[in-house]
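Work through these exercises with the structure open. Try each task before reading its solution.

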Amino acid sequence: MTRTGHRSGAPLLDLGSLGLDRGAHLLLRRALSRVPPGGRVAVAGTDPALLAHLAAWCRREGHTACPAAPADAPVRAHVVRGTAASARLVGAERAGDPRAGQVTGRAPLHWGLAARGALVEAGGPEVPFPVTERDVAWTELAPRLYRQAAAAQWDPLTAVPWDTPFTLPGEVEAAVVQVMTYLVENEQAALVVPARLLVQVHPHFREVLQLLAVQAADEARHVEVFTRRALLKGGAMGTSSAGGRASLATLLAEPDFSLASFLLSVLGEGSFLNLLVFLERHAPDPVTRRISHLVRQDEARHVSFGLGHLEHRSQVDPRLRGRLRAAVERRHDVLADTAGLNRDVFDALVLLAAGSWAPEAIARGWQAVRRLEAEMDEGRRHRLSRLGFPDDEAAELSALHTRNFM
């Protein structure tokens with residue numbers, strides 16, 4: 001215990017039998033923190049090695065230990081507080097405000113992996129995060145969207161009625177498998193892109209990192225359930241087209257945070273929201289219907305984040321819209337010679353919407369897929385308008401979006 005009353009007037013720290021090699025240094029450091037530099041603490045204790053350990057500890061910590069005179073018993077030493085402990089915090093700074101959503105305009109590289117709001121010692125290493133500017137990654141929606149995302153996680157094993165009995169005609173089941181194969185391919189791209197973006201962002205913007213991490217987890221879960229549905233009846237996976245893979249490869253090739261978010265979330269996943277509504281409406285079985293519903297909820301959140309981020313950035317960077325337009329045109333030019341949407345996927349969607357091979361049913365299915373494409377176009381134009389594009393330019397850019405939907 002620490003008490004005052006020794007004849008020197010210094011506070012007395014009685015360690016009893018506790019040695020510095022067994023935790024007594026914590027009590028000593030606490031006692032020294034209560035006196036100013038140059039002040040002293042009288043130390044008593046019965047540990048035989050106390051004086052030797054005390055001398056070594058004080059040298060290491062920047063304090064001075066003086067053995068006490070026999071007349072000072074039970075005091076065995078006086079410890080004078082040095083300045084080293086306070087000197088280590090010279091030049092230290094707070095890494096911003098730890099509260100949710102309270103971010104600085106720019107996160108210095110020397111803050112590194114320090115917790116937001118921590119007292120950061122000077123002299124640490126710089127960690128080269130490419131995205132350190134608030135306006136490059138931020139949206140005020142991030143804290144709320146992360147809370148929603150964390151609360152909305154679902155378990156593929158229990159959220160989907162895998163054991164519900166159903167039997168589909170072989171060709172309808174094959175159509176479901178083909179669509180699921182296509183969805184897996186696209187969701188794997190949607191998994192890699194946020195994972196790549198996540199490692200670019202300074203941890204000071206933790207809500208953005210958290211949101212991207214959950215987004216990647218969402219996509220990993222989508223890959224799982226689409227694969228499981230494709231294999232549910234024991235069949236093989238469907239086909240993967242060269243044009244489809246080429247389209248997705250362009251998403252992986254975009255290094256810029258905002259442009260990648262735009263191409264993936266605003267245009268690609270935005271179009272997928274319409275596709276998932278279509279699949280939920282025309283699903284021939286309860287498993288496919290439930291998967292489409294669950295995945296659509298996740299994807300809506302991804303689109304909200306991408307759109308919120310780009311709305312924020314477009315307000316502070318008037319040049320952004322020109323860069324977004326150039327990204328769409330560049331991607332269109334790269335894919336100009338590809339076949340676009342896998343024909344097997346298009347035909348599978350027609351059959352699912354038709355429900356049978358009757359000519360009039362196929363006609364309805366064909367028209368349903370054409371309406372789907374029109375709804376995708378309308379959705380893209382609406383989101384582009386929210387980013388400040390005039391209606392005619394929004395329509396033009398929407399028409400340039402990849403025929404592979406994503």
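**Exercise 1.** List the buried residues of α14 and find what they pack against.

Solution. Start with the list: Ala361, Gly365, Ala368, Val369, Leu372, Met376, Gly379, Arg380, Arg383 and Leu384 are the buried residues of α14. Buried means under 20% relative accessible area, exposed over 50%, and partly exposed in between, with a 1.4 Å probe and protein chains only. Next, look across from these residues: they pack against α10 (257–282), α11 (286–316), α13 (343–354) and α15 (391–400). Contact here means heavy atoms within 4.5 Å.

Two notes on the source. This is a predicted model, in which local features need pLDDT of at least 70, side-chain atom pairs count only at pLDDT 80 or more, and totals for chains, interfaces and linings use all residues. Residues are numbered from 1 along each chain as its sequence is written, and side-chain values use heavy atoms, with hydrogens and water left out.

**Exercise 2.** Compare the reach of α14 with the expected span, then inspect what follows the helix.

Solution. Helix α14 covers residues 359–386, which is 28 residues. Helices (H or I, at least four residues) and strands (E, at least two) are DSSP runs, numbered from the N terminus. The expected span is 1.5 Å times one less than the number of residues. Just after α14, Gly388 has a positive phi of about 100 degrees.

**Exercise 3.** Is Val79 buried or exposed?

Solution. Locate Val79 in strand β5, residues 75–80. Val79 counts as buried because its relative accessibility is 0%. Now check its surroundings. Leaving aside neighbours within four places in sequence, its contacts include Leu28, Leu32, Val41, Val43, Leu54 and Cys58. Ala65 is also in contact with Val79. The C-alpha atoms of Val79 and Ala65 are separated by 4.5 Å, although the residues are 14 apart along the chain.

**Exercise 4.** Where does Thr132 lie, and what is it in contact with?

Solution. Thr132 sits in the loop between β7 (119–120) and α4 (134–137). Thr132 counts as buried because its relative accessibility is 10%. Beyond neighbours within four places in sequence, Thr132 is in contact with Gly105, Arg106, Ala107, Leu109, His202 and Phe205.

**Exercise 5.** How many helices and strands does the chain have, and what does its C-alpha trace span?

Solution. Count 15 helices and seven strands. The C-alpha trace spans about 110 × 55 × 30 Å along its principal axes. Buried residues make up 49% of the 406 residues.
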